[in-house]
Amino acid sequence: MLTHGGRQRVGFRRFGTRSVALGLVLSLTACASQVGVQSTTPPQPAGRLYRPEGPGRFPALVLLPTCAGLRPHVFDWAELLKAEGYVALAVDTLSPRGATDLCLKGKHTVHEVAGDAVEALVHLRSLPFVDQDRIGVIGWSHGAMAALVAIRSGPRGRGFRLAIAFYPDCGYVAYDTTIPVLLLLGEVDDWTPPGQCVKVTKQLQREGRPVVWKVYPGAHHGFDVAGFGNRTVVYRGYTMRYDPAATADAKERVRAFLAQHLRRSQQ
């Protein structure tokens, strides 16, 4: 049962490398339904589930936030995806770890969040309104790096169908990737400069890998975070600023990329 425009709050836990629904707890609040998928091993990744109207089966996306956790711009993207006919699961990477920030813990946490992504993939596959074979992953900054790691493997050999990475460190790009990857980058990003990504993706394209990218002129890290308004924000010494033109173009590129690689005609 869904309330508040098809948004759910969900929780799922690891069991080895699988998410196992040993018990389902459903309680209703004034804003959204609360769902917990019970298993045996903490931590318990949680998230918000956005579902389009109708019975499905819908293609779906796992959304992985920045190292600062879920922020309104991720929910904005989830709402956009829902409106386009996709299920969107925005994963809370902080609360289950008792953290307020993953930015200081070191790069190994990228692999931990990639594990969350795979758990979210398994959870989505358990839902009757999701098409199990049409699930992708989108990430922002830290979450973008985790998305690039997560596409390297999947449960029972059936992993994500595509990845979209906003301003990642491209040291995490898999050189042997066989699934479509879209990189969205800021030209003047001083946290994760785009140069490495451009170099890597050009090499991958020469090898026939399905990787594409866009560098937005004059755009900074976090160029799609509308909450910055007209302010330039300095976080841990790095510059971030909202760029409405880059954001509008990114939305169109994401729509087209998903339509090309994640949709198929319904029988």
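**Exercise 1. The Cys67 link**

Cys67 and Cys103 form a disulfide, with their sulfur atoms 1.9 Å apart. The model is a predicted one. Find which parts of the chain this disulfide ties together, and state its handedness.

*Solution.* 
- Step 1: Cys67 sits in the loop between strand 5 and helix 1 (72-83), and Cys103 in the loop between strand 6 and helix 2.
- Step 2: take the sequence separation. The pair ties together parts that are 36 residues apart in sequence.
- Step 3: read the torsion. The angle about the S-S bond is 75°, and the link of Cys67 and Cys103 is right-handed.
- Step 4: check accessibility. Buried means under 20% relative accessible area. Cys67 has 6% relative accessibility, so Cys67 counts as buried. Cys103 has 22%, so Cys103 counts as partly exposed.

**Exercise 2. The rest of the disulfides**

Determine how many disulfides the structure holds, and which pattern they follow along the chain.

*Solution.* 
- Step 1: count. The structure holds 2 disulfides.
- Step 2: identify the partner link. Cys170 is joined to Cys197, S to S 1.9 Å.
- Step 3: read the torsion. With 100° about the S-S bond, the link of Cys170 and Cys197 is right-handed.
- Step 4: locate the ends. Cys170 is in the loop between strand 8 and strand 9, Cys197 is in helix 4, and the two are 27 residues apart.
- Step 5: check burial. Cys170 and Cys197 are both buried.
- Step 6: write the pattern. Counting bonded cysteines along the chain gives 1-2, 3-4.

**Exercise 3. A residue in a loop**

Decide whether Thr177 is buried or exposed, and list what Thr177 touches beyond four places in sequence.

*Solution.* 
- Step 1: Thr177 lies in the loop between strand 8 and strand 9.
- Step 2: its relative accessibility is 6%, so Thr177 counts as buried.
- Step 3: leaving out residues up to four places away in sequence, Thr177 touches Ile151, Arg209, Pro210 and Val211.

**Exercise 4. The largest core**

Find which residues touch the most other members of the largest nonpolar core, and which elements supply at least two residues each.

*Solution.* 
- Step 1: the core has 46 residues; Val62, Leu64, Leu124 and Phe160 touch the most other members.
- Step 2: the elements that each supply at least two residues include strand 5 (58-64), helix 2 (108-125), strand 7 (130-140) and helix 4 (195-206).
- Step 3: take Val62. Its contacts beyond four places in sequence include Leu89, Val91, Leu121, Leu124, Ile138 and Phe160.
- Step 4: look elsewhere. Another core of 34 residues lies apart from this one, among them Leu70, Trp140, Ile164 and Leu262.

**Exercise 5. Confidence**

Find where in the protein chain confidence is lowest and where it is highest.

*Solution.* 
- Step 1: the chain averages a pLDDT of 82, and 78% of the residues score at least 70.
- Step 2: confidence is lowest in strand 2 (residues 24-28), at a mean of 24, and highest in strand 8, at 98.
- Step 3: over residues 13-41 pLDDT stays under 50, and the model has 76 contacts there beyond four places in sequence.
- Step 4: where pLDDT is low, the predicted coordinates should not be read in detail.

Methods. Residues numbered from 1 in each chain as written. Predicted model: local features only at pLDDT ≥ 70, side-chain atom pairs only at ≥ 80, totals over all residues. Heavy atoms only, no water. Core = buried A, V, L, I, M, F, W, Y, C linked by side-chain atoms within 4.5 Å. Buried < 20%, exposed > 50% of the residue type's maximum accessible area, 1.4 Å probe, protein only. Helix = DSSP H or I, 4+ residues; strand = E, 2+ residues; numbered from the N terminus. Contact = heavy atoms within 4.5 Å. Disulfide = S-S within 2.5 Å. pLDDT = per-residue confidence, 0-100.
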